[in-house]
Amino acid sequence: MTDYKQALAILDQRFGRDRMISLATSVGDLPSVREVNGYYQDGSFYIITHALSGKMQQIALNPRVALSGEWFSGHGVAENLGHVLKEENRELISTLRQVFSSWYHNGHVDETDPNTCILRVRLTDGVLWKDGIRYEMDFT
């Protein structure tokens, strides 16, 4: 198995479930960072959020973001996939409901709110550490 394939397997193992990650945005020279629940799949992280939140307003101005957690840090391009119940999101939201089941239906997510959306961060690069090995990853 190549190093890149090993790194992808480690990402799947660590983040292929509900995990707290740091998401950093920036507008001009002002960075902002916050903790979010994230789920990794096929080169992207997925986050349930609100389209009118500060992070989404910042992403609208500058979609380049950074992520970190559990010995991984990376960069990506963020995209609002729209309302959680959009037809195009049907398969994805079914997965995300399961992944985030511990909190999804406890009043945290209002699927009837048209601003409840799915944020996708397509990774562009990252650095991952496991067992003293550094994996540099290029997703482009």
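I take helices (H or I, at least four residues) and strands (E, at least two) as DSSP runs, numbered from the N terminus. The model I am reading is predicted.

**Entry: Asp18**

With those elements in hand, I looked up Asp18. I found Asp18 in the loop between α1 (3-15) and β1 (19-27). Next I checked its charge partners. Asp18 is buried, yet I found no salt bridge for it. Arg19 carries the nearest side chain of opposite charge, 7.2 Å away. What does the side chain of Asp18 make a polar contact with? I noted the side chain of Asn37, at 2.7 Å. I also noted a polar contact of 2.8 Å between the side chains of Asp18 and Trp103. Then I listed what Asp18 touches, not counting residues up to four places away in sequence. The list reads Asn37, Gly38, Val99, Phe100, Ser102 and Trp103.

**Entry: whole chain**

I stepped back to the fold. I counted four helices and seven strands in the protein chain. Along the sequence I read the pattern α-β-β-β-α-β-β-α-α-β-β. The radius of gyration is 15 Å, close to the 14 Å that the globule rule gives for 140 residues, so the protein chain is as compact as a globular protein of that length. I took the span of the C-alpha trace along its principal axes as about 45 × 35 × 25 Å. Of the 140 residues, 44% are buried.

**Entry: the cores**

Which residues of the largest nonpolar core touch the most other members? I wrote down Leu11, Leu23, Phe45, Leu119, Val121 and Leu128, out of 24 residues in this core. Strand β6 (residues 116-130) gives the core its largest share, five residues. Setting aside residues up to four places away in sequence, Leu119 touches Leu23, Phe45, Tyr46, Ile47, Thr49, Met56, Ile59, Ala78, Glu79 and Asn80. Another core, of 14 residues, lies apart from the largest one. I noted Leu81, Val84, Trp103 and Ile118 among its members. Trp103 is also the residue I had logged in a polar contact with Asp18.

**Entry: Asn115 and Thr116**

I moved to the loop between α4 (104-108) and β6, where I found Asn115. Asn115 counts as partly exposed because its relative accessibility is 24%, and the buried class means under 20%. I checked Asn115 against His50: 65 residues apart in sequence, 5.4 Å apart in space, C-alpha to C-alpha. Not counting residues up to four places away in sequence, Asn115 touches Thr49, His50, Ala51, Leu52 and His83.

Thr116 lies in strand β6. Is Thr116 buried or exposed? I logged Thr116 as buried, because its relative accessibility is 6%. With residues up to four places away in sequence left out, Thr116 touches Ile48, Thr49, His50, Gly82, His83, Val84, Val109 and Asp110.

**Entry: Gly126**

I stayed on strand β6 and looked up Gly126, which is found there. Gly126 counts as buried because its relative accessibility is 6%. I checked Gly126 against Ala9. They are 117 residues apart in sequence and 14 Å apart in space, C-alpha to C-alpha. Leaving aside neighbours within four places in sequence, I found Gly126 in contact with Phe72, Ser73, Gly74, Tyr135, Glu136, Met137 and Phe139.

Note on methods. Residues are numbered from 1 along each chain as its sequence is written. This is a predicted model: local features need pLDDT of at least 70, side-chain atom pairs count only at pLDDT 80 or more; totals for chains, interfaces and linings use all residues. Side-chain values use heavy atoms; hydrogens and water are left out. A nonpolar core is a set of buried Ala, Val, Leu, Ile, Met, Phe, Trp, Tyr and Cys residues joined through side-chain atoms within 4.5 Å. Buried means under 20% relative accessible area, exposed over 50%, partly exposed in between (1.4 Å probe, protein chains only). Contact means heavy atoms within 4.5 Å. Lys and Arg count as positive and Asp and Glu as negative; His and the chain ends are not counted. A salt bridge is a side-chain nitrogen of Lys or Arg within 4 Å of a carboxyl oxygen of Asp or Glu. A polar contact is a pair of N or O atoms within 3.5 Å; within protein, one must be able to donate a hydrogen and the other to accept it, and residues adjacent in sequence count only if both atoms are side-chain atoms. The radius of gyration is taken over C-alpha atoms; the globule rule is 2.2 Å times the number of residues to the power 0.38.
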